[in-house]
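Here are my notes for anyone opening this one for the first time. Have a look at the sequence and the fold, then read the points in order.

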Amino acid sequence: MKFTYFAVGIALFWATAACQSDTENAQTPAPVMSSIYKDGGTGTTSLTPDLAGARAALATTTQQQEVLTYINQARSKSCQCGTTVYPAVPALTLDAQLNTASDKFAVDLATYNYFNHTGRDGSQPWDRMTREGYAWRAAGENIAAGYTTTRAVVDGWLKSPGHCANIMSANFKNVGVGYGYSSTSTYKNYWVTDFGTRR
């Protein structure tokens, strides 16, 4: 599993409130997570998705709005991600193209029972964003599996330095939220957030 984390080289020395909620501490057994980030690329690819056999559930508008709300709640105040404290940053907006990229990938993960930022066709997150028409200058992705609720998955990401750094990055303006479910997959529930800023 590939872990690539983005960190801003600014140290802040004031106390910070916890980014995570205290409202939900129960988690699905053995959830897994990974994050990745890329800056300054053009994001070009000619790859095409093969989702003809996909039967997993897609994210609902409610799930997308809840994840957005929890992410923006975290971004509204300073937040410690590992040893780095990030200042409050502007709220993200949901982007339809990023929602589509996130959803398609989450469904692919669930349907074909794998967990990696690299798609079955060799695509990376920025390739999948470009494929949906999102021209990016900064791109990142958080994925998670095994979490059963929107609150649990966002809290899980906030407790992990690399995922938290993506959530708190001032380099991002937009986000897409994807969810895939398959009862026959290892973790059943698969989550994808694609972060970006347009060129």
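1. A contact here means heavy atoms within 4.5 Å. Across the chain, take the contacts between residues at least 6 apart in sequence: 80% of them join residues at least 24 apart.

2. A word on what you're looking at: this is a predicted model, where local features need pLDDT of at least 70 and side-chain atom pairs count only at pLDDT 80 or more, while totals for chains, interfaces and linings use all residues. Residues are numbered from 1 along each chain as its sequence is written, and side-chain values use heavy atoms, with hydrogens and water left out.

3. How confident is the predictor? The score is pLDDT, the predictor's confidence in each residue, from 0 to 100. The chain has a mean pLDDT of 81, with 72% of its residues at 70 or more. Over residues 23-30 the pLDDT is below 50, and that stretch has 12 contacts in the model beyond near neighbours in sequence. Residues 43-55 also stay under 50, and there the model has 25 contacts beyond four places in sequence.

4. Now the layout. There are 5 helices and 7 strands in the chain, taken as DSSP runs numbered from the N terminus (helices are H or I, at least four residues; strands are E, at least two). Going along the sequence, the pattern is β-α-β-β-β-α-α-β-α-α-β-β.

5. How much of the chain is buried? Of the 199 residues, 53% are, where buried means under 20% relative accessible area, exposed over 50% and partly exposed in between (1.4 Å probe, protein chains only). The accessible surface of the chain is about 8,600 Å², and 54% of that belongs to carbon and sulfur atoms. These areas come from the Shrake-Rupley method with a 1.4 Å probe, and for residues only the protein chains shown count as cover.

6. Helix H4 (residues 150-158) deserves a click: 9 of its 9 residues are buried. Among them are Arg151, Asp155 and Trp157. The charged end of Arg151 sits over the ring of Tyr70, 4.0 Å from its centre; the rule is NZ of Lys or CZ of Arg within 6 Å of the ring centre and within 35 degrees of the ring normal.

7. On to the cores. A nonpolar core is a set of buried Ala, Val, Leu, Ile, Met, Phe, Trp, Tyr and Cys residues joined through side-chain atoms within 4.5 Å. The largest has 30 residues, and those with the most contacts inside it are Val154, Ile167, Met168 and Trp191. Elements giving two or more residues to this core include helix H1 (61-75), H4, helix H5 (161-168) and strand E7 (189-198). Apart from it lies another core, of 10 residues, including Leu109, Tyr114, Tyr190 and Val192.

8. Which rings pair up? Rings of Phe, Tyr and Trp (its six-membered ring) pair if their centres lie within 6.5 Å; planes under 30 degrees apart count as stacked, over 60 as edge-to-face and the rest as tilted. That gives 5 aromatic pairs. Phe105 and Tyr114 make an edge-to-face one, 6.3 Å centre to centre with 75 degrees between the planes, and both residues are buried. Phe105 also has the charged end of Arg128 over its ring, 3.5 Å from the centre.

9. Another aromatic pair, Trp126 with Trp136, is tilted: 6.3 Å centre to centre, 45 degrees between the planes. Trp126 is in helix H3 (residues 125-131) and Trp136 in strand E5 (residues 136-145), 10 residues apart. Trp126 counts as buried because its relative accessible area is 9%, and Trp136 is buried too, at 0%.

10. Last, two loop residues to check. Asn113, in the loop between helix H2 (96-112) and H3, has a positive phi of about 55 degrees although it is not a glycine. Its relative accessibility is 37%, so Asn113 is partly exposed. Lys188, in the loop between E6 and E7, has a positive phi as well, near 65 degrees, and is not a glycine either. At 31% relative accessible area, Lys188 is partly exposed.
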